[in-house]
Amino acid sequence: MFSNFDRFAMTRALELAARGMETTDPNPRVGCVVARGDRVIGEGWHQKAGEAHAEVAALATVREDLAGSTVYVTLEPCSHYGRTPPCANALIEARIGRVVFAVGDPDPRVAGKGAAALQEAGIRVESGLMETEAAELNIGYLGRIRDGRPWLRLKLAMSLDGRTALANGVSQWITGEEARVDVQHWRARSSAILTGAGTVLSDDPRLDVRLPPEDRRQPMRVILDSRLRTPPGARLLQTGGDVLILTSPEADLPRVQALEERGAQVETMPLVEGRIDLVSMVERLAELQANEVLVEAGPTLAGQLLRYTLVDEVLLYVAPKLLGPQARALVDMTRLDYLENAPEFSLEGVKKLGGDLCLRLRPRL
């Protein structure tokens, strides 16, 4: 049975973990609180891959004897050597008396082994406190490790009548400045941003994060381009960061070389009906340690991802304006003859951004 202080301490650990929202990739976001009785004596969080994990960072802030204290951590302490030593070892060496973690780490190098190592050392271990909140914080990481696929988040922006651009293709800007800044933060927390060649050709987007600091981590940009139409002069090849272009096995070699000379990584993927196999694409992104992928694409790719039930979440920005029936539709879907066949979503959250709304939706499976 967890106490009120236990819940207070884990809530604080989750707040600390969220500080690494945009920086820890591909590692999970983890926070840690150290307490003696009902008094917090130390805290820390994992700030960046390759740097100290949350437990070690928290222990380093304590200025008194750690023996017998309680550690609250949002993810099961690791028990293997990576770029940093095992956190379980650090807790054992500090003679911690009790460890409470929110959610288990499914990584085969850790899963249950961290908790077992602590228990074998005589440390009392409890888990499951605020597990739902902790899992949500690392929804992409947990899914990638357990299911072999990242969390796909589809970003869409539309008018009140469900249109994304005028008939002539003009779409900048349907939403206001506050909504566009919000998108920047979703980009910043993502491992990759996914788009199609059609969007690159029509909009020439940068798809980078334009928030301070200037040296921040940039997500990988991924382009699905079965006919290898991406021009070597595209802006997203000029803004730094990794660019991955997925194309057909029959791709034109000179075009491949021209794109690689501009810094792009070009890989071939199997095709389905003349298009990149989306299931293989998702599996490849998981292999590249992508936890969360933000899709910013046109109606064709958006519709395909929905059709193959690969979308885990939709960010729908709604602007209070009308574009009319000739304007372009939100997604390209196959014709529906029955309402019961229409994809359905649950509303997970609503946020007002200036004059616009952002609806956070998840498919009802």
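Tutor: Buried means under 20% relative accessible area, exposed over 50%, and partly exposed in between, with a 1.4 Å probe and protein chains only. The model is predicted: local features need pLDDT of at least 70, side-chain atom pairs count only at pLDDT 80 or more, and totals for chains, interfaces and linings use all residues. Residues are numbered from 1 along each chain as its sequence is written, and side-chain values use heavy atoms, leaving out hydrogens and water.

Student: Why is Ser69 called buried?

Tutor: Its relative accessible area is 0%, and buried means under 20%; therefore Ser69 is buried.

Student: What makes the pair of Phe5 and Phe8 tilted?

Tutor: The structure holds two aromatic pairs. In this one the ring centres are 5.7 Å apart and the planes are at 40°. Rings of Phe, Tyr and Trp (its six-membered ring) pair if their centres lie within 6.5 Å; planes under 30 degrees apart count as stacked, over 60 as edge-to-face and the rest as tilted. The pair of Phe5 and Phe8 is therefore tilted.

Student: Why is Phe8 called partly exposed, and why is Phe5 called buried?

Tutor: Phe8 has a relative accessible area of 49%, so Phe8 is partly exposed. Phe5 has 12% and is therefore buried.

Student: What makes the pair of Phe5 and Tyr72 edge-to-face?

Tutor: The angle between the planes is 70°, with 6.2 Å centre to centre; planes over 60 degrees apart count as edge-to-face. Ring pairs link Phe5, Phe8 and Tyr72 into a cluster.
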